[in-house]
Structures are given as C-alpha cells and as structure tokens.
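Hi,

Here is the structure I promised to pass on. Have a look at it first, then read on for what turned up in it.

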Amino acid sequence: KMQPEEIKNFVLRLASLDDNLAGVILTVLNDEPIEASHPDREAPLANGSSFTEVDQEAVERDIRRIRGLVSNSIRETVGNTDYLTPKKTEELTEFFNHLVKRFQDGYKSGEMPIELTVPLLLMLYQNQIQLLPKVVGRRDTFEDGCNGVLSALEEVIGNGNSLSANKKNRLMQQVIKLFKKNIFQGFPQERYDLFYATLPLVTEETAPKMLTVSNKLKKQASILDMIYLESNQIILKLRIALILGHKDEAQQIIDDNITNDNVRLEYVSILEAQKKYAKAEELIQDALTNNVGDRRMWRFQLGQIYELTNQINKLKQLLKDDLMSGNIQVYKEYKDLLVKNNEWKHEYPQLLTELEDNLGRYDYCEILLQEKEYTKLIDQLKKYNSMVMIRKYAPEIYQSAKIPVTDLYLKSVVIPQSNKKTVTGPAQLASDISKFLNFSGDLKTTKKWVHQLRARLGDNEKFRDAFDKMDDSISRYSPHSGRSLSD
C-alpha cells in the first residue's frame, strides 16, 4: 500500500532536481483537505474488488504531516526560477508521469481509494499548471504530461455510475476549488479541460456550482481568456445537461447557439457518437455554404464522416478538391485511398498534370520530391531558374541526379551570383560554394569552380574575403571525417 512517507519521498525527489526549483513546487501538496467516506465501509473498485475506505481524520493528519515535512525539507534552500530548461522540463515530465502511473496502479490494485487518488491527481495537475508559464523548451512534452493527468482522472472516475451522489459531490467540490484558482490565468483551455475530464462526477447539486464559477470568470478574464471563454461556457452547460439526462435543455442550448462554430462542432461530435451521420453531414455542409468558421476544419470533419459511412467517391472528391486548392497535407491520404481502391497507377499521370496546373511551384515540387520524380523536379528548377529554389532542392536530389544538378547549380547559382554587384554578393557566393561541397562531397569540381572564379575575379578586392572562405572550406573538408563545412 502506498504510504504517506512514500508520497513524501516522491515530492522530495522532485525538489532535489534543482535547488532553485524547490520554491516553485513547494505547493505540491495543496492546502485543500482530502475528504474520505465513513471508515470501514466497503467500496467497489473498477476491477471488481473492494477496499476498506480510509479514515477521514487519519488521511487529513497524514496530509498535514507530509505537508509539514515537505515544507521544512525544501524551505531551507527555497529559491525561484524564471524558466525551466529543456532538461529540467524533461525530468519534471518524467517525474509527473511516474507519479501518475503509481497513483493509477494504486487505485486499480485497491491500495488507494478514489477519495485519495482523485485529490492526488488534482494536486499534480495544479502543480503542472503552476510550472507551465516557466516552460521554455520541450513545451509539447510537458503539455502531454498535463493531458496525461487528465486522462488518468478520466480513467479513475470512469462513467461515475459506481459512485454515490455524496461521494461525487465531495470529489467535485475539490475539482471546483482547483478550477477557481488564479493559476489558470492565461491557460483558459486547460482550466475547462479540468471540468471536462471530471464531468462524470457532476450531480444535480454540483451542476449549478460549476456553472456559477464558470460564469464568474467573465469578470476576471484577460483578452486571451475571453477568446475561449464564451464557447467553453456554452459547451460546459451543454455537456452537463447531457450527463444529467436533460435532453430537451441540451437541444435548446444547441439551437440557441448553433451559429457558434465550436458549439456546432460539439453538436456534430454528439451526432457522430449517436451515428446520426446524415444530420452531422447536413450541419457541416451548412457551415461550408454559409462560411461559418474554419473551412479546412469543416472539410476535415466531413472527410471523417465519409470515411465512417464508406462514402468513398465523396471522400475521394473531397480530398482531391482540398489538394488542388493547395492543401498538400492531404496528398498522402488521397494517394493511400487511390492505392487501396487500385486506382493509383491509372490516376497518377493525370494527377501530376493537374497538380502542376493548380499548385504553386513549391507545393508542386514538394509532391515531386515525395514521389522521387527527380527528372520532373529538375525540369521545374530549369523552368523557373530561381536561385532560391535551386538552393533549396539541389541538396535533396543531388545523390539521385549528380550531373544535371551540378550543371544546374553552376549555371543558375554560382555564375549568376558571381556576377552580382551587391555588397553581400561575394559572401553569398562563398556560402554557395561551401554548400555545394557540403552536400555533394565533390572536392574536384569545387576546386575547379574556385580556380575558374579566381581567374576571373581574383583581382577584385571585394572578393578577397570570399576566396579566403572558399579556400578555408576546401582545406577543412575531409570526405571521411564526417565533418560538415559548417563545423
């Protein structure tokens, strides 16, 4: 069984990561009491077993003792830090993830009652949000850890059917207390995600309290928070109504706010869950027709419905339209669909022609690169004769087309750059020569180019530094050392 002393050791390990971090995580055990049910009463677990619920006063004594131990141990070296390095962020994320797993395992095995597990997970989430403003590197990793805590809450709570109304009320009261905290300023979505993750705990008694604290946020919301606030307040009200079985009220909320694209999206998700795909498609088509919200988002949702309902022809046309409009992110999905339906070989030649006619030059070249159509890609580089394009794609295709890339790089990059009269022209020329040697490894050709350039420009004072850089690049280059010219 997970003892308070063990929890304390976890917290002390977090503090030991960095002396200056101690002050930031000092609140790792917040000052909200952990409430438990009556002692010695058996309660069912998700796995079908049962545990004897912990004594209310005993738990509170342990928490107070742990809080005192943690405070005394950390305050001796309390400091503060304005930011967390990527390394510390990774260590913290690993630590939080480890704690989450311990709490989940403790609950599943029956060692920890839900009255203890939920508050501990809330404690972790609170401290993650407090640290979030200080995360400057590996932020995505840290945010994934925050979402991991919410997922753990969802798993522990389940559908809430096995919990009594009194137990739900006590647990939700602790959720509400955390929801109200100012630590969520600037993190409005993270605030509401807390409510969404714990919604199975809502009852007729706590629902009004949740809506009240949500509505009060209007008075203290920043401009950033206001962007999320209105939609989340409506969606929270809608989800509460659905959980409590107030179907008519839920439908009225939807009807009154259907012009809000987030509410519309929520309704589409509800319809999809109910397998009312025709109605969901109708709502999306209406949004597209009336330009409500993000068209790309609605088209993505429409594609999901077509896939769920096996409307292959509609899905194919939708993806192709998106692709031709410049959304090349759907190219692989479109290709996979054609391959799956044995249409790829037949469609591919005509598709390339259409893509060339409809896409911008860079988007089309990205498709050619994906398909290893190097000859066609070189044709595009010759067609536009753009130094920027050649600099971008030459390193990508050199190994598959050495001679044409070398000729093109000389004629369309090196020679034109050497003729430029700009102040930065010589430095760019030196960079182009170094870059070619770096991606080609062709020392012989590079030396030849430099020799020809020096014969023509060697007496020009403006190119003295440029030639020094070229010579330095050649002298430092070793094809067997693994060093690049930029080292």
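Let me start with helix 22, where Lys-444, Lys-448, His-451 and Ala-455 are exposed on one side. "Exposed" is over 50% relative accessible area, "buried" is under 20%, and "partly exposed" is in between (1.4 Å probe, protein chains only). Helices (H or I, at least four residues) and strands (E, at least two) are DSSP runs, numbered from the N terminus.

Before going further, some housekeeping. This is a predicted model, so local features need pLDDT of at least 70 and side-chain atom pairs count only at pLDDT 80 or more, while totals for chains, interfaces and linings use all residues. Residues are numbered from 1 along each chain as its sequence is written, and side-chain values use heavy atoms, with hydrogens and water left out.

Back to helix 22. Its buried residues are Thr-445, Thr-446, Trp-449, Val-450, Leu-453 and Leu-457. They sit on the same side of helix 22 because they cover an arc of only 135° around the axis (the arc is that of the directions from the helix axis to the C-beta atoms). Those buried residues pack against helix 20 (402-418), helix 21 (425-440) and helix 23 (464-476); a contact here means heavy atoms within 4.5 Å. The length works out too: the 15 residues of helix 22 (residues 443-457) should span 21 Å at 1.5 Å a residue, and the end C-alpha atoms are 21 Å apart, which agrees. The expected span is 1.5 Å times one less than the number of residues. At the start of helix 22, a side-chain oxygen of Asp-442 comes to within 3.4 Å of the backbone nitrogen of Lys-444.

From the helix 20 end, Thr-406 is worth a look. Thr-406 lies in helix 20 and counts as buried, at 13% relative accessibility. Leaving aside neighbours within four places in sequence, Thr-406 is in contact with Tyr-398, Phe-436, Thr-445 and Trp-449. Thr-445 and Trp-449 are among the buried residues of helix 22.

Next, the stretch around helix 17. The buried residues of helix 17 are Tyr-364, Cys-365, Ile-367, Leu-368 and Leu-369, and what covers them includes helix 15 (331-340), helix 16 (344-358), helix 18 and helix 19 (387-397). Lys-372 follows helix 17 and has a positive phi, near 60°. Glu-373 lies in the loop between helix 17 (361-370) and helix 18 (374-384). The side chains of Glu-373 and Tyr-348 are joined by a polar contact of 2.7 Å. By polar contact I mean a pair of N or O atoms within 3.5 Å; within protein, one must be able to donate a hydrogen and the other to accept it, and residues adjacent in sequence count only if both atoms are side-chain atoms. Not counting residues up to four places away in sequence, Glu-373 touches Tyr-348, Leu-352 and Leu-368.

- Lys-275, in the loop between helix 11 and helix 12 (277-289), has phi near 60° and counts as exposed at 64% relative accessibility.
- Asn-291, in the loop between helix 12 and helix 13 (295-308), has phi of about 55° and is exposed, with a relative accessible area of 55%.

In helix 11 (residues 261-273) you'll find Tyr-267, which counts as buried at 10% relative accessibility. Tyr-267 touches Gln-251, Ile-254, Ile-258, Lys-279 and Leu-283, not counting residues up to four places away in sequence.

Now the whole chain. There are 23 helices and 2 strands in the protein chain, and buried residues make up 46% of its 487 residues. Of the contacts between residues at least 6 apart in sequence, 64% join residues at least 24 apart.

Finally, confidence. The chain averages a pLDDT of 83, and 80% of the residues score at least 70; pLDDT is the predictor's confidence in each residue, from 0 to 100. Over residues 66-80 the pLDDT is below 50, and this stretch has 30 contacts in the model beyond near neighbours in sequence. Residues 481-487 also stay under 50, with 10 contacts beyond four places in sequence. Where pLDDT is low, the predicted coordinates should not be read in detail.

Cheers
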